Amino acid sequence: MVNDPVCGMTIEVSNAAAQERYQGTTWYFCSDSCHSKFLVDPARYAQHETMTDPVCYMEVSLDSGYHAEYEGKTYYFCCESCLGKFMKDPTQYGRADA
Ligand SMILES: [Zn+2]
Ligand SMILES: [Zn+2]
């Protein structure tokens, strides 16, 4: 059993109407409509996942407004200052949680 991250419904994987890979996790949906909503703003729904801020090592939720793409990976930051430090020199932080 898995939870549809959009409507919160519990569904059987075999009954899922759609599925989507996001941030290394496969998400399942009860309907195409939930799936479409997820695709519009996946970070908003995939909230039970947290990432480590590679600059200060704080746990940040994926709905954090501060994030950056680097080498195909999305990094999340607790604040603008951490994001700024990362952008200045991503190679210094990019492998922190590899
Ligand atoms: Zn649903
Ligand atoms: Zn930080």
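Tyr57 sits out in the open: this residue is exposed, with a relative accessible area of 56%, where exposed means over 50%, buried under 20% and partly exposed in between (1.4 Å probe, protein chains only). The model is predicted, so to speak of local features takes a pLDDT of at least 70, side-chain atom pairs count only at pLDDT 80 or more, and totals for chains, interfaces and linings use all residues. Residues are numbered from 1 along each chain as its sequence is written, and side-chain values use heavy atoms, with hydrogens and water left out.

Most residues other than glycine have a negative phi. Tyr57 is not a glycine, yet its phi is positive, at about 70 degrees. Tyr57 belongs to the loop between strand E5 (50-52) and strand E6 (59-61); strands here are DSSP runs of at least two residues, numbered from the N terminus. Glu71 also has a positive phi, about 45 degrees, without being a glycine. Its loop runs between strand E7 (66-70) and strand E8 (73-77), and Glu71 is exposed, with a relative accessible area of 61%.

Back in the loop between E5 and E6 there is Asp53. Asp53 is buried but has no salt bridge, and Lys85, the nearest side chain of opposite charge, is 8.6 Å away. A salt bridge would need a side-chain nitrogen of Lys or Arg within 4 Å of a carboxyl oxygen of Asp or Glu; Lys and Arg count as positive, Asp and Glu as negative, and His and the chain ends are not counted.

What lies 2.9 Å from the backbone nitrogen of Cys78? A polar atom of the Asp53 side chain does. Leaving aside neighbours within four places in sequence, Asp53 is in contact (heavy atoms within 4.5 Å) with Met58, Val60, Tyr76, Phe77, Cys78 and Cys82.

Terms used. Chains are lettered from A and ligands numbered from 1 in the order in which they are written. Helices (H or I, at least four residues) and strands (E, at least two) are DSSP runs, numbered from the N terminus. A polar contact is a pair of N or O atoms within 3.5 Å; within protein, one must be able to donate a hydrogen and the other to accept it, and residues adjacent in sequence count only if both atoms are side-chain atoms.
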